[in-house]
Amino acid sequence: MRCSLCGKDNAQFASTCVGCGEPLSSTPPLAAGSVIASRYEVREFLGKGGMGFVFKARDRMLEEDVAVKALRSDTPLDVARRFRTEIKLARRVRHPNVCAIHEYGEERELRYIVMELIKGVDLREVLRTRGRLPPAEATQVVSQIAQGLEAIHRLGIIHRDLKTSNVMRDVRGVIHVMDFGIAKSLDSEGATATGVIVGTPEYMSPEQAKSHKVDHRSDIYALGVVTY
């Protein structure tokens, strides 16, 4: 998981950040059998990232499986605002290569989003187990990521944290762009304070790393890094 303070990547269940020493929240806030909003029954824990924990759940109303992303309880307020922004922006996107967001909710201190459940594996894991992909296969993957980004950019949204772990490949081989945790509308102002850098350093464009104003070209830069 990534530290919300310094951005350092840590082991999945690390208790403190290896970069700055700050404590990390590592206990999932929900257990199997929990029911959210009298509707979503948690089935299993899927994993976690810098912003929260992801669970497989059953939508009792629609009788279908969904993914529920619960925001970490120790998440700073500015990050929580970006979490809400994630929902407002991502719900507008409907494209086969972008993970669909269904709704945002709050129950007591739990803040969560319900999204499409992608049955597959992230691109980072694919590369870890297989190494570099053959050129033809890599081209297909990159093409699908690009189509997902085009759909996002068409609505005036910048992802700002595109990386291999935010790209899922489902069981049919379809690519889905995930995690709008720090997404920002091209039209919005003031969502990020001047001088604050958000994103993953290895994939950042120079202007993003310098905390300058960014546009869709920063995502294209990140796609170039992913492609490499």
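Student: Where is Arg160 found?

Tutor: In this predicted model, Arg160 is found in the loop between β8 (157-158) and β9 (167-170). Its phi is near 75 degrees, a positive value in a residue other than glycine.

Student: Is Arg160 buried or exposed?

Tutor: Arg160 counts as buried, because its relative accessibility is 10% and the cut-off for buried is under 20%.

Student: How do I read aromatic pairs, and how many does the structure hold?

Tutor: A pair of aromatic rings is described by the distance of the centres and the angle of the planes. The structure holds two aromatic pairs. In one, the ring centres of Phe45 and Phe53 are 6.2 Å apart and the planes stand at 50 degrees, so the pair is tilted. In the other, the centres of Phe45 and Phe55 are 5.6 Å apart with the planes at 55 degrees, so this pair is tilted too.

Student: Which parts does the pair of Phe45 and Phe55 tie together?

Tutor: Phe45 lies in strand β2 and Phe55 in strand β3 (residues 52-59), so the pair ties together parts that are 10 residues apart in sequence. Phe45, Phe53 and Phe55 form one aromatic cluster. Phe45 is partly exposed at 28% relative accessibility. Phe53 is buried, with a relative accessible area of 1%. Phe55 is buried, also with a relative accessible area of 1%.

Student: What lies over the face of Tyr228?

Tutor: Arg132 does, at 4.9 Å from the ring centre.

Student: What happens at the start of helix α2 (residues 123-130)?

Tutor: A side-chain oxygen of Asp122 reaches to within 3.0 Å of the backbone nitrogen of Arg124. Just after α2, Gly131 takes a positive phi of about 80 degrees.

Student: Now the largest nonpolar core. Which residues touch the most other members?

Tutor: Leu123, Ile145, Ile152 and Leu162 do, out of 32 residues in this core. Several elements each supply at least two residues, including α1 (77-90), β6 (110-115) and α5 (216-227). Helix α3 gives the most to this core, with five residues. Another core, of 13 residues, lies apart from it; among its members are Leu30, Phe53, Val66 and Leu110.

Student: What does Leu162 touch?

Tutor: Not counting residues up to four places away in sequence, Leu162 touches Ile145, Leu149, Val167, Val177, Tyr203, Asp219, Ala222 and Leu223.

Student: Last feature. How many salt bridges does the structure hold?

Tutor: Side chains of opposite charge can pair when their charged atoms come close. The structure holds 14 salt bridges. One joins the side chains of Glu41 and Arg60, at 3.5 Å from N to O. Glu41 lies in strand β2 and Arg60 in the loop between β3 and β4 (64-71), so the pair ties together parts that are 19 residues apart in sequence. Glu41 is partly exposed at 22% relative accessibility, and Arg60 is partly exposed at 45%. Glu41, Arg43 and Arg60 are linked in a network of salt bridges.

Student: Are Lys163 and Asp161 buried or exposed?

Tutor: Both are buried. Lys163 forms a salt bridge with Asp161, with the closest N and O atoms 3.7 Å apart.

Student: And what does Asp170 form with Arg172?

Tutor: A salt bridge, with the closest N and O atoms 3.0 Å apart. Asp170 is buried, with a relative accessible area of 9%, whereas Arg172 is exposed at 65% relative accessibility.

Key
Residues numbered from 1 in each chain as written. Predicted model: local features only at pLDDT ≥ 70, side-chain atom pairs only at ≥ 80, totals over all residues. Heavy atoms only, no water. Helix = DSSP H or I, 4+ residues; strand = E, 2+ residues; numbered from the N terminus. Buried < 20%, exposed > 50% of the residue type's maximum accessible area, 1.4 Å probe, protein only. Phe/Tyr/Trp six-rings, centres within 6.5 Å; stacked < 30°, edge-to-face > 60°. Lys NZ or Arg CZ within 6 Å of the ring centre and 35° of its normal. Polar contact = N/O pair within 3.5 Å; in protein donor to acceptor, adjacent residues only side chain to side chain. Core = buried A, V, L, I, M, F, W, Y, C linked by side-chain atoms within 4.5 Å. Contact = heavy atoms within 4.5 Å. Salt bridge = Lys/Arg side-chain N within 4 Å of Asp/Glu carboxyl O.
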